[in-house]
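I opened this entry to look up the ligand site, the pocket and a few backbone details. The notes follow in the order in which I checked them.

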Amino acid sequence: MTKTTLALACGLAVLVGLPSLVRAHGDAAPQPVDTTGLDPLGDDIRTSNPYEGNKVAIRIGANGYNQNCARCHGLDAKSGGMAPDLREVEAGESGDGWFITRVLHGAKKDDRFRMPPFEGILSQEAIWAIRTYVENQPKD
Ligand code: HEC
């Protein structure tokens, strides 16, 4: 094999290898959440959780959480220390408002997002379902 064909072969291997690499990291990309089964909420963002205690919301929220939040906030909503433990966010309306604002707008520090904004990716139905799931996880 000449140097050129070797380089070509390597390049090809990288190209062919790429899709599987992308797939391996696929769960890091934000995932839309199917909220079928929950009352639709319209466009106005609520400031308190309309699904509090709703069993369907807990189930849908578990999915949404695991796909979009667990990699930073920890499996089963138990923080591994990399990002705040979401079970510690205050209960009730002030905690609710803080929660949805943070999720829609993300969190920036020194011009860098420490948490990406989920506006346009997750519906408010999905975000409230996630809040409901987190609030119903045992606090150890
Ligand atoms: C890339 C990592 C990352 C992902 C993904 C992520 N977060 Fe965060 N989140 C953070 C970090 C880091 C902070 C702390 C930001 C700060 O205070 O500077 C944070 C803060 C928060 C806060 C405020 C918590 C508090 O105690 O004040 C909420 C609420 C929150 N995240 C919810 C979520 C939800 C819900 C999801 C999934 C839809 C999510 N986050 C996805 C990294 C992430």
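Which pocket does the space taken by the ligand correspond to? I found that the ligand takes the space of the largest pocket. A molecule counts as sitting in a cavity or pocket if more than half of its atoms lie within 2 Å of its grid points. The grid has a 1 Å spacing over the protein atoms alone; a cavity is a set of points where a 1.4 Å probe fits but cannot get out, and a pocket is an open set with protein on both sides within 12 Å along at least five of seven lines. Lining residues have an atom within 4 Å of a point.

Basis of the entry. I worked from a predicted model, in which local features need pLDDT of at least 70 and side-chain atom pairs count only at pLDDT 80 or more, while totals for chains, interfaces and linings use all residues. Residues are numbered from 1 along each chain as its sequence is written, and side-chain values use heavy atoms, with hydrogens and water left out.

Overall fold. I noted 5 helices and 2 strands in the protein. Helices (H or I, at least four residues) and strands (E, at least two) are DSSP runs, numbered from the N terminus. From the N terminus on, the order is α-α-α-α-β-β-α. The protein has 140 residues, of which 34% count as buried; buried means under 20% relative accessible area, exposed over 50%, and partly exposed in between (1.4 Å probe, protein chains only).

Ligand shell. I looked up the 20 residues around the ligand and found that C69, C72, H73, W98 and M115 come nearest. A residue is near a molecule if one of its heavy atoms lies within 4 Å of it. α3 (70-73), α4 (92-105) and β2 (112-115) each supply at least two residues of this shell, and α4 gives the most, with 4 residues. By class I have 15 nonpolar, 2 polar and 3 charged residues in the shell. Here Ala, Val, Leu, Ile, Met, Phe, Trp, Tyr, Cys and Pro count as nonpolar, Asp, Glu, Lys and Arg as charged, and the others, Gly among them, as polar.

Polar contacts (pairs of N or O atoms within 3.5 Å). I found a side-chain N or O atom of H73 at 2.8 Å from a nitrogen atom of the ligand. Oxygen atoms of the ligand are reached by W98, with a polar side-chain atom at 2.8 Å, and by R114, with one at 3.0 Å.

I recorded about 540 Å³ of space in the largest pocket; grid points are joined across faces, edges and corners, and the volume is the space filled by probe spheres set on the points. Its lining has 23 residues, and H73, A83, P84, L86 and M115 are the closest to its centre. α3, α4 and β2 give two or more residues to the lining. The lining divides into 16 nonpolar, 2 polar and 5 charged residues.

C72. I placed C72 in helix α3. C72 counts as partly exposed because its relative accessibility is 23%.

Loop between β1 and β2. I found D110 in the loop between β1 (107-109) and β2, and D111 is in that loop too. D110 has a positive phi near 50 degrees, though not a glycine; for D111, also not a glycine, phi is positive at about 70 degrees. D110 counts as exposed because its relative accessibility is 69%, and D111 is exposed at 72%.

Technical notes: Polar contact = N/O pair within 3.5 Å; in protein donor to acceptor, adjacent residues only side chain to side chain.
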